[in-house]
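Colleague: Could you walk me through reading a pocket and a sheet? I would like the general idea before the details.

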Amino acid sequence: AATQPSTNWHLKENAREHHTSKFSSEELIVRRGQAFTITFNGTEKPEQNLIFLAETGPKPSKATKTLATFGISSTVSKEGWSAVLQSTSSNSVSISISSPHNAVIGRYKLSVQIGSSSPSSLGTFVLLFNPWSSGDDVFMPNKAECEEYVLEEFGIIFAGNKNRISGFGWNFGQFQGDILNICLAIMDRSLYYRQDPVTDVSHRHDPKYLGRVLSAMVNANDDQGVVLGNWSGKYEGGKNPSSWTGSSEILQSWKKSGFKPVKYGQCWVFAAVLTTVLRCLGIPTRTITNFSSAHDADGNLRVDEFYDADGNHLERGADSIWNFHVWNESWFTRNDLGPSYSGWQVLDATPQEESGGIYQCGPASRYAIKEGEVDLDYDCPFVFAEVNADCMYWNYDSATGKKTLIFSKSTEIGDSISTKAVGRDDRVDVTSDYKYEEGSAKERDIFKKARKKLGLEDKFDPTAPTQEEIEQKPDISGKFKVAGSLEVGKDLNLLLVLENLQSDAKTVNVNMTAWSTLYTRKPVNEIWKDSMSVTLAPKEEKQFPIKIKYPEYQQRLTTDKTIQVTALCHVEDGIQVLVQRNITLDNPAIDIQVLGEAKVNKEVVVEVAFTNPIDTEVKDCVLQVEGSDLLRGTLELRIPPLKASEKSSTKFKLTPSEAGPKHLLVNFSCDKFADIKTFKMVNVIN
């Protein structure tokens, strides 16, 4: 009887060749379209007829390309799987196995059949996409970009608003612990798999297909996916979306709970988790932040915002403008559309609108978005609107139901579109990859082209303003200016600047409000309101100071630390003028120092310092620390209360497990300040 062969998978050498050394696994992990070597014994006469079987999925078959059988050949096959004999000794044989460039990815079972005996199992291995291989759909010619978009476990996500962009660190952690197995489990829990497992697995060679399926699986809607969204401002029963610092903890929690959605996420959490999953599987992926991002719910390339006579922003209609929104770009070819549409593709896992009956979005070719080709797959109209919609601001009278246009703006949406630089912790602006220059003739032409393709040009729209409403000219102009610092814990000082554009005096009644909002501009708590009547001499400009004291907003601020201030100006015998500004407050600073040299497998002490900037005690202080290859999982430290102006210093130890530039991420929270984040690059030496 034949003995069970024992297999040497040459884990180290294969991993080095296949750029998979960062995975910490006892299982072979390789990339498609590239050879790997294995040695096995238990073959008395290796020159006997060897037939290999590689199979994946629930019902492997040749028809669905989930089963391959192949013998020894002298060269690598161009089409299918192949095995080339490397060397033989008395009872063992070394074989180089190659998979095709378009192989289905996932976990495979490998068996060998010797002569006429029945096949014996050699074990399992995992096959991933290969951005280093020119035949692969995800091939990325620039090696530095492969390093960043596939192998880098640290990222920076941009947030805030277009006047004040801030960035925070994120630990993608795609190579840590059990993440690869969790990513494989995600694919097997999708609606597509549940409806037809055989067909689903046979499509897993295609990054377009997997990108779309995973954009649906990362949100909990429809399929008990990974993260449950919550934009209410109340996060009981789960973690505040702002408090996460990495994807590992989220993916591990999802698995540990028996695949129950993790509470809670907002856009950057969905985008970050999708980045982790796609990088893990080998699809180059990055996060993109769009400032003043439109959520056009009714598909008319227009977002409508409504205000009452007092200047309160009303939640009417499903359209909204978010201070920022984060989505993903993944890199692959579009054989379905043609070569010019290949490259970066937009995927969005945030559940905003259904596509094909479920909450998924993309892949939308970024080139198609820029060219207004909104009729191309998938979800181009929605993404096009996110960066291009026109804004209409209306005054709504709830008593009569009448709405009047205050003004419209075509240059508001899609600002400072941002991503992290390759190999550096800097911001790169990619706005010009999404659209032609704002206000240029070309940009307006593309907008018209998109409207036409969507059938909006020829159709009468009863909700649209008339041409004469759009062209009406206001008598005054206004803006809010910031005077002083924008920090949580300090008073907020603003100036309302009003200018009379006419050559006769104007009387203006001004109704002002300030609301704390979410980053989606959803109003949560009223902070302040005031009204005044002012007279402006011909062509006069006047400034009116506004002060909102810290105690006035402290209890009402959301953890997004955003405030919308509005002044609705009723000009006597003229049209209304709306002045508004969205303000994001900065948290106080927190400081990290690494005391001494960071060496592999040696303890090093890290000190985190925070000074309480306000004149009352802060309590319930918690420090959360994580960083791939610096510590396992997330470290949580409780810190004693801090009196006014008191400085705290917390020390803890790390034992780095791998050399190179690593990032330590810190998140500090207390009862007065939520989620103060910072990160530090730690250069670990051998």
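Colleague: Which residues lie nearest the centre of the largest pocket?

Modeller: This is a predicted model, where local features need pLDDT of at least 70 and side-chain atom pairs count only at pLDDT 80 or more, while totals for chains, interfaces and linings use all residues. Residues are numbered from 1 along each chain as its sequence is written, and side-chain values use heavy atoms, leaving out hydrogens and water. A pocket is an open set of points on a 1 Å grid over the protein atoms alone, where a 1.4 Å probe fits, with protein on both sides within 12 Å along at least five of seven lines; lining residues have an atom within 4 Å of a point. Here, R302, M392, R451, A464 and I470 lie nearest the centre, among 26 lining residues.

Colleague: Which element supplies the largest share of that lining?

Modeller: Helices (H or I, at least four residues) and strands (E, at least two) are DSSP runs, numbered from the N terminus. The largest share, 4 residues, comes from α12; β20, β21, α12 and α13 each supply at least two.

Colleague: And the sheet: what is the order of its 3 strands?

Modeller: Strands pair if DSSP finds at least two bridges between them. This open sheet runs β24-β25-β28, with antiparallel pairing. β24 (476-482) and β28 (541-548) each have a single partner strand, so one side of each is left without a neighbour in the sheet.

Colleague: How many bridges join β25 to β28?

Modeller: There are 8 between β25 (residues 492-500) and β28; for example, L494 has I546 in β28 as its bridge partner.
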